[in-house]
Amino acid sequence: MTEARGSAAPPARHTPGTPCWVSLMVHGLAATQEFYGSLFGWEFVPGPQQLGPYVRALLGGQEVAGIGQLPPDRRLPVAWTPYLASDDIELTAETVRLCGGTVGVGPLDAGDAGRLVIGSDPAGAVFGVWQAAAHLGTSVAGVPGTPAWHELLTFETVSVAKFYETVFGYEEEPVGSADFDYVTLHVGGRPVAGLHGVGHTLPRDRGPHWMTYFEVADATDSTRLLTDLGGHVLRPPHDSPHGRVATVADPEGARFALIENPR
């Protein structure tokens, strides 16, 4: 992971390739809203319903993330999914296919909000693509309760990095270490996401997947609250070069990380 904190006033439109939104699909929409509302102080308003019941999370009146209801007959993984900005979602979807990825949903109109694709990279990690119209994406960053970083946990980074570089035009910055397989993806010289190759230490029930880091004021207090709310601590708070980090899961099993940035 690397430093990629935003500000309270991000650009009006996200540069292509930049993570611009994060969304979670769950079985219990009401219970999940209560969990994250209590954990992060989010409030909720209705969002586009093209894929079923869906709400947008607000922090101080500004949009942060989305949560949707999984159809009862679908046994899909419950996971946070980052959406990467695109100015031409048809071209992006075609490039995903040509580069060995899969497009599972879309391109699909989400009302007047924009257009979306849900796909997976050649290793199987699911991600979204968003072409903004009325809905530009996450509109606040750099404060507790907002996404701070997105990191792909995968088997190895070399081939996967080539996929994301070709599809989204990233510049790559490998970490110079023989025993640490990590690549930072940059847009316009700015770090926006990371790829972490962890080999066969990936959880067997997960496979390659994206992990969202949410900023918190105090990682220890937040993990204690998360446990009280029915969540699970997978790795307790520990110091890292970028602040104290904890890996956690919500009551339905969606994994994410909490990061307390150093002040």
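The per-residue confidence of the predictor is expressed as pLDDT, on a scale from 0 to 100. In the predicted model described here, the mean pLDDT of the protein is 89, and 93% of its residues reach 70 or more. An exception is the stretch of residues 2-11, over which pLDDT stays under 50 and for which the model has 25 contacts beyond four places in sequence. Where pLDDT is low, the predicted coordinates should not be read in detail.

In one of them, eight strands follow the order 2-3-4-1-5-8-7-6 with mixed pairing, and its edges are formed by strand 2 (43-46) and strand 6 (102-109), each of which pairs on one side only. From one strand to the next, the twist of this sheet averages 30°. Strand 1 and strand 4 run parallel and are joined by four bridges; in strand 4, Q69 is the bridge partner of V26. Helix 1 lies across strand 1, strand 2, strand 3, strand 4 and strand 5 (80-85), and runs at about 150° to strand 4. Helix 3 (residues 158-168) also packs on this sheet, where it touches strand 5, strand 7 and strand 8 (126-132), its direction making about 10° with that of strand 8.

The other open sheet is likewise built from eight strands in mixed pairing, here in the order 10-11-12-9-13-16-15-14. Strand 10 (171-174) and strand 14 (232-240) stand at its edges, and because each has a single partner strand, one side of each is left without a neighbour in the sheet. The twist in this case averages 25° from one strand to the next. Four bridges in the parallel sense pair strand 9 (residues 147-154) with strand 12 (residues 190-197), and L153 stands opposite H196 of strand 12. Helix 4 packs on this sheet through strand 14, strand 15 (243-249) and strand 16 (255-260), with a direction at about 180° to that of strand 14.

In soluble globular proteins, nonpolar side chains tend to be buried together. The largest nonpolar core of the model comprises 28 residues, and those with the most contacts inside it are L24, Y36, F40, W42, I67, W80 and F256. At least two residues of this core come from each of strand 1, helix 1 (29-40), strand 3 (54-59), strand 4 (62-69), helix 4, strand 15 and strand 16, and helix 1 gives the most, with five residues.

With a relative accessible area of 34%, P16 is partly exposed. Neighbours within four places in sequence being left aside, P16 is in contact with A85, D87, F168 and V187. P16 and K162, which are 146 residues apart in sequence, are 17 Å apart in space, C-alpha to C-alpha.

Side chains of opposite charge can pair when their charged atoms come close, and a search of the whole structure finds six salt bridges. In one of these, E90 pairs with R115, the closest N and O atoms being 2.8 Å apart. This pair links distant parts of the chain, since E90 belongs to helix 2 (residues 89-98) and R115 to strand 7 (residues 114-120), 25 residues apart. Both partners are partly exposed, the relative accessible area being 43% for E90 and 22% for R115. A network of salt bridges links E90, D109 and R115.

A further salt bridge joins the side chains of R224 and D221 at 3.0 Å, N to O. Both residues lie in helix 4 (residues 219-228), three residues apart, or about one turn of the helix. R224 is partly exposed at 47% relative accessibility, as is D221 with a relative accessible area of 42%. The side chains of R244 and D239 also meet in a salt bridge, with an N to O distance of 3.0 Å. Of these two residues, R244 is partly exposed, with a relative accessible area of 25%, whereas D239, at 60% relative accessibility, counts as exposed because its value lies over 50%.

Note on methods:
Residues numbered from 1 in each chain as written. Predicted model: local features only at pLDDT ≥ 70, side-chain atom pairs only at ≥ 80, totals over all residues. Heavy atoms only, no water. Salt bridge = Lys/Arg side-chain N within 4 Å of Asp/Glu carboxyl O. Buried < 20%, exposed > 50% of the residue type's maximum accessible area, 1.4 Å probe, protein only. Contact = heavy atoms within 4.5 Å. Pairing = 2+ DSSP bridges. Axes fitted to C-alpha atoms, helices over the stretch in contact; angles between N-to-C directions. Core = buried A, V, L, I, M, F, W, Y, C linked by side-chain atoms within 4.5 Å.
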